[in-house]
Structures are given as structure tokens and as C-alpha cells.
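Notebook open, model loaded. I'm jotting down what I looked up, roughly in the order I looked.

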Amino acid sequence: MSMTDPIADYLTRIRNAQMAKFSKVDIPASNLLKEMTRIIMEEGYIQNFTLIEDDKQGLIRIYLKYGKQKKSAISGLKRISRSGLRRYTGATDIPRVLNGLGIAILSTSKGLLTDKQAKKENVGGEVLCYIW
């Protein structure tokens, strides 16, 4: 069965795993999702991730991060641009998530970037999701 929106599926799997207090979650891999996972780890929202090779497309195993009293490091995930309605932004209009406390992940001509990196590089693009 083909998946219509792999980014929405990715965010939903992470959200569901955190609500269930799982320590890890497996997600079908793609180059886009590997890059998103790398960005999320660099920003400190997850502990680590590993790539598991199988005969098909492979898996991304994400190790979720929790603080005191099993409080999740990710408070929220929101898909912004979707297949029915694409959201693009220019370099000067890049949105800030929770006044700078969260991140927006953008697909730009220079690859996937956070909102801060895109402002620094002075490029706009498609706003994929917000994470806070």
C-alpha cells in the first residue's frame, strides 16, 4: 500500500510513541525523513537515531528523549504544507515557532533547513512542519 503523505505519517508515529511513553519508534526510511531526523536530533528533540537496513527501503529507529517525570522533549508536532495545500515562504517571511522556542523545517534549494538556518542563508522554501 502506498503512503500519500510520508511526512505526516512520520510526525504521527513520533507523536503516538511519545504519548505512549515508548523509548524508541521505527519509521520507514527515505532520504527526506533521514534528513528531517538528523535536524531534529541536532536541535535536541530526540536522543539518537540509527538506520536499520533490510531488503526493502530500510527503517529509521528514533530514540525518544524524555526529561524529569517522563516529560517528553517534544511538546508538539504540526504538519504545515500538505499535499492538498502547499505552503511556501520567502526568505524575509520565514515563520517563527513559539517566538523562537520551536523550529520550522523548510525544504529549500539548499536542502532541508531549520527556520534559523534558512534566515542565515537568506533562502525561502516550502514550510514542511513545526516542532516545539
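**Entry 1: a bridge in the sheet.** I began with Asn-48, whose bridge partner in S3 is Tyr-63. Before going further, a note to myself: this is a predicted model, where local features need pLDDT of at least 70 and side-chain atom pairs count only at pLDDT 80 or more, while totals for chains, interfaces and linings use all residues. Residues are numbered from 1 along each chain as its sequence is written, and side-chain values use heavy atoms, with hydrogens and water left out.

On labels: helices (H or I, at least four residues) and strands (E, at least two) are DSSP runs, numbered from the N terminus. Two strands pair if DSSP finds at least two bridges between them.

Entry 2: How many bridges pair S2 and S3? I get six, in the antiparallel sense. S2 and S3 also form a hairpin, with six residues between them. Gly-58 sits in that turn and has a positive phi of about 90°.

On its other pairing, S3 (residues 59–64) joins S1 through five bridges, again antiparallel. There I found Ile-27 bridged to Ile-60 of S3, and Pro-28 standing opposite Leu-59 in S3.

Put together, this is an open sheet of three strands in the order S1-S3-S2, with antiparallel pairing. S1 (24–28) and S2 (46–52) stand at the edges with a single partner strand each, so one side of each has no neighbour in the sheet. The twist averages 20° from one strand to the next.

**Entry 3: faces of S3.** Which side chains of S3 point to which face? They alternate: Ile-60, Ile-62 and Leu-64 point to one face and are buried. My cut-offs: buried is under 20% relative accessible area, exposed is over 50%, and partly exposed is in between (1.4 Å probe, protein chains only).

I took a closer look at Leu-64, in strand S3. Its relative accessibility is 2%, so Leu-64 counts as buried. Skipping neighbours within four places in sequence, I listed its contacts (heavy atoms within 4.5 Å): Ile-14, Ala-17, Gln-18, Phe-22, Ser-23, Lys-24, Val-25, Ile-46 and Gln-47.

Entry 4: H1 lies across S1 and S3, and runs at about 165° to S1. H2 lies across S1, S2 and S3, at about 155° to S2. For these angles, axes are lines fitted to C-alpha atoms, for helices over the stretch in contact, and angles run from 0 to 180 degrees between N-to-C directions.

**Entry 5: helix on helix.** Two packed helices are described by the angle and the distance between their axes. For H1 (residues 6–19) and H2 (residues 31–42), the axes come within 11 Å and cross at roughly 40°. That makes H1 oblique to H2. The scale: under 35 degrees is roughly parallel, over 145 roughly antiparallel, 65 to 115 roughly perpendicular, and the rest oblique.

Which residues meet there? From H1 I have Pro-6, Ile-7 and Tyr-10, and from H2 Leu-32, Leu-33, Met-36, Thr-37 and Ile-40. By class, the contact has seven nonpolar, one polar and no charged residues. (Ala, Val, Leu, Ile, Met, Phe, Trp, Tyr, Cys and Pro count as nonpolar, Asp, Glu, Lys and Arg as charged, and the others, Gly among them, as polar.)

Past H1, I checked Ala-20, in the loop between H1 and S1. Ala-20 is partly exposed, at a relative accessible area of 40%.

Entry 6: Most residues other than glycine have a negative phi. I looked for exceptions and noted Leu-98, with a positive phi of about 50°, and Asn-99, with phi near 55°. Leu-98 is found in the loop between S5 (88–89) and S6, and Asn-99 is in the loop between S5 and S6 too. Leu-98 is partly exposed at 47% relative accessibility, whereas Asn-99 is exposed at 65%.

**Entry 7: the S6/S7 pair.** S6 (residues 103–108) and S7 (residues 111–114) run antiparallel, joined by four bridges. Ile-105 has Thr-114 in S7 as its bridge partner. The hairpin from S6 to S7 goes through two residues.
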